[in-house]
Amino acid sequence: MKCTECQTEYIEGALFCEECGAKIGTASQLTDAAGTTADKGTALVLASPGGGALDIPDKDEVVIGREDPVSEVFPDVDLTNLGGMENGVSRKHAVIHRSGTDYTVEDMGSTNGTYINKKRIQPHVPQAIKAGDEVRFGKLAFSLEAA
Amino acid sequence: MKNELNIRCVMSKEALTVTGAEQAVYALVDIKAVGSGQPRTMPANFGLVLDRSGSMDGEKMENLKEAAGYVVDHLSENDLVSVTVFDDQVETIIPNQPLKDREEVKSRLGSIIPRGGTQISDGLKAGLAEAWKGFSKDRVNRILLLTDGQTWDDEAACLTLADEAGRKGIAVTSIGIGDEWNEKLLLQLAERSHGNSHWIQNPIAILDAFRQEVESAQSVAATNLSMTARMSPGVKPVKVYATMPMISDVSTKALNGQNVMADLGSLDSRRGQAMLIEARVLPQKAGKFRLGQVEITYDMPARGIKGESVKADLFVMFTDQAATAAKVNAEVMNLVEKVSAFKLQTRALTEAEAGNIAAATQKLQSAATVLLNLGEDEIAEAAEKEILSLKRTGAFTAAGTKKLEYGTRKLTQALK
């Protein structure tokens with residue numbers, strides 16, 4: 001078997017990849033879901049590990065962050081109630097761009113970073129995402145799933 | 001009297017799949033003293049080995065004197081104490097003796113004047129010689145070595161002394177202040193002699209480190225602790241880590257064919273000790289399978305117990321049901337993740353030392369991700385900073401190295 005992150009071979013029963021530290025098992029299950037759903041071009045949701053899913057509104061630019069009425073920040077997807085504050089989510093943390101069935105995520109220069117499949121992405125550089133990917137804002141992780 | 005210690009063995013998976021291939025399995029061996037009450041305190045034999053080099057002048061020396069004074073105030077009259085100071089010369093200012101006249105000891109501590117360079121091995125050698133004079137298996141024998149500087153060309157001599165101390169049963173706790181000392185050396189001194197190690201950024205924290213050491217010495221429940229794990233045929237141990245009190249890779253010393261054998265020093269009744277064994281298991285038929293047996297031997301001098309042992313078996317089920325075999329124990333998973341962060345940062349350092357900057361950066365990036373997953377933002381941030389340092393200068397910073405080395409080793413101590 002191979003690590004889905006770095007393609008290193010690992011033995012069954014291993015919990016973390018020796019080379020890149022990626023979790024083994026849960027990650028591979030997520031990837032299995034990817035191939036089937038992404039091809040169909042279905043709308044995506046952000047599924048949280050604790051259960052439940054957040055819809056990604058059907059618009060070109062979806063702002064992910066934490067609501068802050070004082071500074072008049074009202075993100076499209078508000079992570080306040082999911083522990084956004086404690087988990088280092090910035091008020092304007094990231095933007096998900098949607099073009100037909102293609103999605104990208106762009107970090108808006110957040111303090112604690114945006115991660116795709118455990119790799120931190122460059123701020124202000126949109127990166128393609130698809131069903132099966134893990135997207136993390138600060139310490140708050142979601143898996144992208146077909147709606 | 002067989003209930004002084006409790007061994008708890010937890011496997012990464014209770015069930016493994018019946019398959020044609022070899023599989024990995026992790027066993028957590030958690031050792032605790034039974035009964036949460038105060039253990040009968042063993043008398044201590046405490047040796048302070050203190051750096052008085054010129055760079056210690058000022059705030060560091062003032063705080064050091066205060067911290068040494070705390071030790072003197074908090075040991076009992078049954079305890080033995082010695083104080084050795086070193087720069088590039090050594091002076092034993094308090095020879096090993098019962099702690100009768102605290103004021104006299106403190107007055108001599110007050111007379112320490114910073115001067116000269118740093119030669120750790122000479123100080124350690126003299127300090128160990130003093131501790132050896134008062135050595136007894138009925139005492140907690142411990143050296144507290146504090147330095148703020150690099151030692152010159154005597155690292156090997158220091159390690160030999162630590163090995164010898166460990167064999168004799170004298171633990172060396174190493175404490176480094178500031179950024180200009182060799183963390184590899186200080187960590188190894190502690191690991192080889194079954195002592196602790198502390199990194200102190202601010203001199204004010206010297207007192208806290210000394211206090212922790214006094215409390216730890218007064219909480220020793222068992223001494224001469226050792227673990228032997230005998231694996232069944234078809235099971236091969238491949239890695240062994242100490243995970244509590246600090247994470248360290250003890251594989252080279254502990255792996256012995258089918259068996260794992262590790263000396264563990266003394267058992268702190270508050271924290272206990274824990275080991276993680278990673279093994280490979282050959283294919284087995286469905287049913288209960290005994291991976292092996294763990295035996296812990298120990299002395300409890302305060303209760304007149306010597307060479308006692310407790311045993312526990314390691315079992316897994318082999319099953320055809322994939323869903324059952326997919327379940328992973330959360331406690332072991334978390335521990336393996338912490339060990340994984342420790343391993344990745346260690347490899348990053350090794351790669352950087354060898355000049356492989358790209359590989360070092362990649363390992364450190366992975367370490368940072370694992371640390372963030374663990375919620376260890378501060379250490380993750382230190383890793384991110386070192387990635388920048390690697391890009392700019394091709395090397396780690398002195399402070400960043402210490403933060404990572406100590407931070408990842410102490411992940412299991414996090415107060416959560």
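Helices (H or I, at least four residues) and strands (E, at least two) are taken here as DSSP runs, numbered from the N terminus. The structure is a predicted model, so local features need pLDDT of at least 70 and side-chain atom pairs count only at pLDDT 80 or more, while totals for chains, interfaces and linings use all residues. Residues are numbered from 1 along each chain as its sequence is written, and chains are lettered from A and ligands numbered from 1 in the order in which they are written.

Chain A comes first. It has one helix and eleven strands, and reading along the sequence gives the pattern α-β-β-β-β-β-β-β-β-β-β-β. Of its 147 residues, 38% count as buried; a residue is buried if 20 or more other C-beta atoms lie within 10 Å of its own, exposed if 12 or fewer, and partly exposed in between, with C-beta atoms placed from the backbone. Two residues are in contact if their C-beta atoms, placed from the backbone, lie within 7 Å. Among contacts in chain A between residues at least 6 apart in sequence, 40% join residues at least 24 apart.

Most residues other than glycine have a negative phi, and most peptide bonds are trans. Q7(A) is not a glycine, yet its phi is positive, at about 70°. Q7(A) sits in the segment before α1 (26-40) of chain A, and with 10 C-beta neighbours inside 10 Å it counts as exposed. N117(A), also not a glycine, has a positive phi of about 45°. This residue is in the loop between β7 (114-116) and β8 (119-120) of chain A, and its 17 C-beta neighbours inside 10 Å make N117(A) partly exposed.

Chain A also meets its partner: eleven residues of chain A are in contact with 24 residues of chain B. On the chain A side, these are five nonpolar, three polar and three charged residues. For these classes, Ala, Val, Leu, Ile, Met, Phe, Trp, Tyr, Cys and Pro count as nonpolar, Asp, Glu, Lys and Arg as charged, and the others, Gly among them, as polar.

Now for chain B. Its domain assignment gives domain 1 (5-39 + 222-327), domain 2 (44-217) and domain 3 (331-413); such bounds come from an automatic or database domain assignment. The C-alpha centres of domain 1 and domain 3 of chain B lie 27 Å apart, and each of these two domains gives 13 residues to their contact. On the domain 1 side, the elements that give two or more residues are β1 (5-11), β3 (23-33) and β11 (235-244) of chain B. The largest share, three residues, comes from β11(B). By class, this side of domain 1 of chain B has ten nonpolar, three polar and no charged residues.

P245(B) lies in the loop between β11 and β12 (248-249) of chain B.

Next come the helix pairs. Two packed helices are described by the angle between their axes and the distance between the axes. Axes are lines fitted to C-alpha atoms, for helices over the stretch in contact, and angles run from 0 to 180 degrees between N-to-C directions. Helices α1 (residues 59-74) and α6 (residues 206-217) of chain B pack at about 25°, with their axes 8 Å apart. α1(B) and α6(B) are therefore roughly parallel; angles under 35 degrees count as roughly parallel, over 145 as roughly antiparallel, 65 to 115 as roughly perpendicular and the rest as oblique. The residues of this contact divide into eight nonpolar, two polar and two charged.

In the other pair, α3 (residues 120-133) and α4 (residues 155-168) of chain B pack at about 20°, with their axes 9 Å apart. That makes α3(B) roughly parallel to α4(B). Here I120(B), S121(B), L124(B), K125(B) and L128(B) in α3(B) meet A157(B), C158(B), L161(B) and A165(B) in α4(B). By class, the contact has seven nonpolar, one polar and one charged residue.

Finally, helix α5 (residues 183-193) of chain B is mostly covered, with nine of its eleven residues buried. Among the buried ones are E183(B), L185(B) and R192(B). Their cover includes β7 (140-147), α4 and α12 (398-409) of chain B. After α5(B) comes H194(B), with a positive phi near 65°.
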